[in-house]
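The sequence and structure are shown first.

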Amino acid sequence: MTHHTCPVCGFDGLDEPPTTPGCGDSYEICSCCGFQFGVSDGDRGFTYESWRKRWIEGGMLWKHLCNPPPPGWDPVAQLRRLEGG
């Protein structure tokens with residue numbers, strides 16, 4: 001199964017691309033940061049950057065309580081990969 005990367009937090013466990021040309025937003029919720037594509041941005045007005053800042057300031061907590069983070073999950077390393085570092 002191919003996984004896609006969340007453009008907000010860098011988690012590489014999305015089941016679908018966040019958005020696709022012609023199809024729009026996936027409405028998937030990132031298990032890591034809680035961003036819902038098409039709702040958090042489209043309906044609630046958050047940018048990826050503003051949600052990322054909010055998530056970081058909140059302690060970079062895993063959001064999906066019923067689905068634990070993968071073994072060895074490291075939110076700092078995840079962000080570094082997202083930022084190309």
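## A charge over a ring

A charge is said to sit over a ring if NZ of Lys or CZ of Arg is within 6 Å of the ring centre and within 35 degrees of the ring normal. In this predicted model, the charged end of Arg54 sits over the ring of Trp51, at 4.8 Å from its centre. Trp51 is buried, with a relative accessible area of 9%, and belongs to helix α1.

## Aromatic pairs

A pair of aromatic rings is described by the distance of the centres and the angle of the planes. The count of aromatic pairs comes to seven. One of them joins Phe35 and Trp51 in an edge-to-face arrangement, with 5.4 Å centre to centre and 85° between the planes. This pair links distant parts of the chain: Phe35 lies in the loop between β2 (24–25) and α1 (48–57), Trp51 in helix α1, and the two are 16 residues apart. Phe35 is buried, its relative accessible area being 0%.

Phe37 and Tyr48 also form an edge-to-face pair, with 6.2 Å centre to centre and 80° between the planes. Because Phe37 lies in the loop between β2 and α1 whereas Tyr48 lies in helix α1, the pair ties together parts that are eleven residues apart in sequence. Phe37 is buried at a relative accessible area of 0%; Tyr48, at 24% relative accessibility, counts as partly exposed. One aromatic cluster is formed by Phe35, Phe37, Phe46, Tyr48 and Trp51.

## The nonpolar core

In soluble globular proteins, nonpolar side chains tend to be buried together. The largest nonpolar core here has 15 residues, and the members that touch the most others are Cys6, Cys9, Cys30, Cys32, Cys33 and Trp55.

Which residues does Cys30 contact, leaving aside its neighbours within four places in sequence? Cys30 is in contact with Cys6, Cys9, Phe11, Leu14 and Phe35.

Glu16 is placed in the segment before β1 (19–20). Is this residue, Glu16, buried or partly exposed? With a relative accessible area of 40%, Glu16 is partly exposed.

Between Glu16 and Cys30 there are 14 residues of sequence separation and 10 Å in space, C-alpha to C-alpha. When neighbours within four places in sequence are left aside, Glu16 is in contact with His4, Ser26 and Glu28.

Definitions and conventions: Residues numbered from 1 in each chain as written. Predicted model: local features only at pLDDT ≥ 70, side-chain atom pairs only at ≥ 80, totals over all residues. Heavy atoms only, no water. Phe/Tyr/Trp six-rings, centres within 6.5 Å; stacked < 30°, edge-to-face > 60°. Helix = DSSP H or I, 4+ residues; strand = E, 2+ residues; numbered from the N terminus. Buried < 20%, exposed > 50% of the residue type's maximum accessible area, 1.4 Å probe, protein only. Core = buried A, V, L, I, M, F, W, Y, C linked by side-chain atoms within 4.5 Å. Contact = heavy atoms within 4.5 Å.
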